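Try each task yourself before you look at the solution.

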Amino acid sequence: MTEKNFYITTPIYYPSGKLHIGSAYTTIACDVLARYKRMMGFDVHYLTGLDEHGQKIQQKAEEAGITPQEYVDGMAVGVKELWNLLDISYDQFIRTTDNYHEEAVAKIFDTLLEKGDIYLGEYTGWYSVSDEEFFTESQLAEVYRDENGNMIGGVAPSGHEVEKVSEESYFFRMSKYADRLKAYYAEHPEFIQPDGRMNEMLKNFIEPGLEDLAVSRTTFTWGVKVPNDPKHVVYVWIDALSNYITALGYNNSLPNQMDKFWGNDDQHEVIHMIGKDILRFHSIYWPIMLMALDLPLPTRLVAHGWFVMQDGKMSKSKGNVVYPEMLVERFGLDPLRYYLIRSLPIGSDGTFTPEDYVGRINYELANDLGNLLNRTVAMINKYFGGEVPAFATATEFDADLATVVADNIAAYHKQMAAVDYPRALEVVWNIISRTNKYIDETAPWVLAKDEADRDKLAAVMAHLAASLRVVAHLIQPFMMETSNAIMEQLGLGSAFDLENLALSGLPTGIKVVAKGTPIFPRLDMDEEIAYIKEQMNAGKAPVEKEWVPEEVELTSSKETIKFEEFDASEIRVAEVIEVEKVEGSDKLLRFRLDAGDADHRQILSGIAKFYPNEQELVGKKLQIVANLKPRKMMKKYISQGMILSAEHDGKLTVLTVDPSVPNGSVIG
């Protein structure tokens, strides 16, 4: 028999704060796959851990008045406690401060240096401490400039400020491997999932020209020192990414498991599960590093979306952060695991709402699954004294149920192979739904009235128990407690066999429990939704509406809009560089403006009659709507925004700001 080895990894999390449901999702998603593969006969190694080096950790420790090691030791305890609460079946927990990892990182750096893939140079760029990443000007979400138009700062896509950093640095020759990476992408279209993400990497980062990567820092000391040049610290790209192989004993003192778990062939499957925000590092930097080390690339990178809130990303300041501990303590572990895995569509983001969370528990878990189990156990007790009849076919509906179960078992394995968990659970619920319908079709309460229908009644009870047995097997990787409870109530013990699962595999001579216990009691929707909102708001009662004095009548010339509609507009400061009348129009002025973009933008505005001497506007700092869709005017001009103005008694005045405000500043 061919040995089947499976290696699954989470990203190593950065312990700068408490982990919320986003990190819990990734770790649970990997746990589901690890458990499934074990049930399918694979030898599994599941790795998770922490990325404990870097400037931000050093700063956090200084703020707390402790050493960086003391800081990360405390954080590691908390993360392990969370994984224990979530019943994560990891095989290894790596920390980048582990001696074996630091030993290997130093050797990897030396190897790449000796090969000429790393060289010493100088780096100047815009750096975000929070992201631990350099950004080019074009990558920034916002750019700050002085009165002369020179860039003085900006904001990264994450929302964190950047600062200009100039320092000596070692560089990795990424450009050397760009063509080889593109060829690998072409030969392995399944390498990055879901579909579309590979094109993102090609279009945004590789095809424009892959720049060499700074892989050391001298502005902080908390990290692995560069051998023979200890003023440099090995930067996160090499330090953190290499954890996937150092954990297997690559270049260090651990038992070497590289041959067993690292490979890309029929005997090996290696999957890195990551959030979409770190795909670039895993799909470009990491494969190139492996190529330089002459190592195989992982089988697949699975880049999932994020859980966001209705008002955007989770943020403590917004009072919308959801921590997994609160949900587990209130509702139990399985509802959390089920909700997270069922609710994040493959390839896109999912929105967490308290209403959806409580609703899924009540309708999908309590009504659909829980009620099916309750009815089945109760009827077997009522009609057969708790003894489950032998599996047999006797009603006209049995064959269709068997077909639906068989088809959905096959679909389940297909979706699990694709790591499409929502669809995998959807096919399980297809079985649950069809089984509930089977009860209505066969009407056991009617069959029980006629002794002549005794065989049919027995077949129905057996099919119900058999169907629930199948469901218990299929949900075992997702909801272990629920799966075990179903098996226990059916008298089936805890033996699971996903490889040979079939409706007809129901054992004989089993006896259900005397009285079934609801596995998911129904919740009071209003009460539980209010509880989650209160916890999200850190114990503060949510504000339902702004207070407005009753005697004041609010007026507007237009219909009211929601805050989200207003918030979609980006209003920026823009300095008038040039302005002129548009030939052929007595209304339009054509502006050239510095709005903090990589280049100046053009806006046409119908205010010519209010500014007969348009040159008086040159040098003024105006307010513009910067994200308005460009439109063509006068058949040849593109207008890239709108200039804001105030109108009263037939007079119009453009809205200006203090001259000291940098161009491109966002007005909020």
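## Exercise 1: An enclosed helix

The buried residues of helix α18 pack against α1 (21–39), α12, α13 and α17 (454–475). Keep in mind as you work that this is a predicted model.

**Task.** Work out why α18 counts as largely enclosed by the rest of the structure.

**Solution.** 
- Step 1: Find the helix, which covers residues 480–489.
- Step 2: Recall the cut-off: a residue is buried when its relative accessible area is under 20%.
- Step 3: List the residues that pass, namely Met480, Thr482, Ser483, Ala485, Ile486, Met487 and Gln489.
- Step 4: Since 7 of the 10 residues of α18 are buried, the helix is largely enclosed by the rest of the structure.

## Exercise 2: A serine in α12

**Task.** Is Ser343 buried or exposed, and which side chain does the side chain of Ser343 meet in a polar contact?

**Solution.** 
- Step 1: Locate Ser343 in helix α12, residues 333–343.
- Step 2: The relative accessible area of Ser343 is 11%, so this residue is buried.
- Step 3: Leaving out residues up to four places away in sequence, Ser343 touches Phe307, Gly350, Asp356 and Arg360.
- Step 4: The side chain of Arg360 is the partner, in a polar contact of 3.2 Å.
- Step 5: A polar atom of the Ser343 side chain also lies 2.7 Å from the backbone oxygen of Tyr339.

## Exercise 3: A threonine in α13

**Task.** Which backbone oxygen does the side chain of Thr376 reach?

**Solution.** 
- Step 1: Go to helix α13, residues 354–384, where Thr376 is found.
- Step 2: Thr376 has a relative accessibility of 0% and therefore counts as buried.
- Step 3: The side chain of Thr376 reaches the backbone oxygen of Leu372, at 2.8 Å.
- Step 4: Setting aside residues up to four places away in sequence, Thr376 touches Leu464, Ala465 and Leu468.

## Exercise 4: A tryptophan and its neighbours

**Task.** Which residues does Trp83 touch, not counting residues up to four places away in sequence?

**Solution.** 
- Step 1: Trp83 sits in helix α3, residues 68–85.
- Step 2: With 0% relative accessibility, Trp83 counts as buried.
- Step 3: The residues touched by Trp83 are Tyr13, Leu19, Ser23, Ala24, Thr27, Thr48, Ile88, Tyr90 and Phe93, with residues up to four places away in sequence not counted.
- Step 4: Now take Thr124, 41 residues from Trp83 along the chain: their C-alpha atoms are separated by 40 Å.

## Exercise 5: Two packed helices

**Task.** Why do α11 and α19 count as roughly antiparallel?

**Solution.** 
- Step 1: Helix α11 (residues 324–331) packs with helix α19 (residues 525–536) at an angle of about 155 degrees, their axes being 11 Å apart.
- Step 2: Angles over 145 degrees count as roughly antiparallel, and so α11 and α19 are roughly antiparallel to each other.
- Step 3: From α11, the contact uses Met326, Leu327, Arg330 and Phe331, while α19 supplies Glu527, Glu528, Tyr531, Ile532 and Gln535.
- Step 4: Sorted by class, this contact of α11 with α19 has 5 nonpolar, 1 polar and 3 charged residues.

## Exercise 6: The whole chain

**Task.** How many helices and strands are there in the protein chain?

**Solution.** 
- Step 1: The protein chain has 20 helices and 26 strands.
- Step 2: Of its 668 residues, 53% are buried.
- Step 3: The C-alpha atoms of the chain fill a box of roughly 100 × 75 × 50 Å along the principal axes.

Methods. Residues numbered from 1 in each chain as written. Predicted model: local features only at pLDDT ≥ 70, side-chain atom pairs only at ≥ 80, totals over all residues. Heavy atoms only, no water. Helix = DSSP H or I, 4+ residues; strand = E, 2+ residues; numbered from the N terminus. Buried < 20%, exposed > 50% of the residue type's maximum accessible area, 1.4 Å probe, protein only. Contact = heavy atoms within 4.5 Å. Axes fitted to C-alpha atoms, helices over the stretch in contact; angles between N-to-C directions. Parallel < 35°, antiparallel > 145°, perpendicular 65-115°, else oblique. Nonpolar A, V, L, I, M, F, W, Y, C, P; charged D, E, K, R; others polar. Polar contact = N/O pair within 3.5 Å; in protein donor to acceptor, adjacent residues only side chain to side chain.
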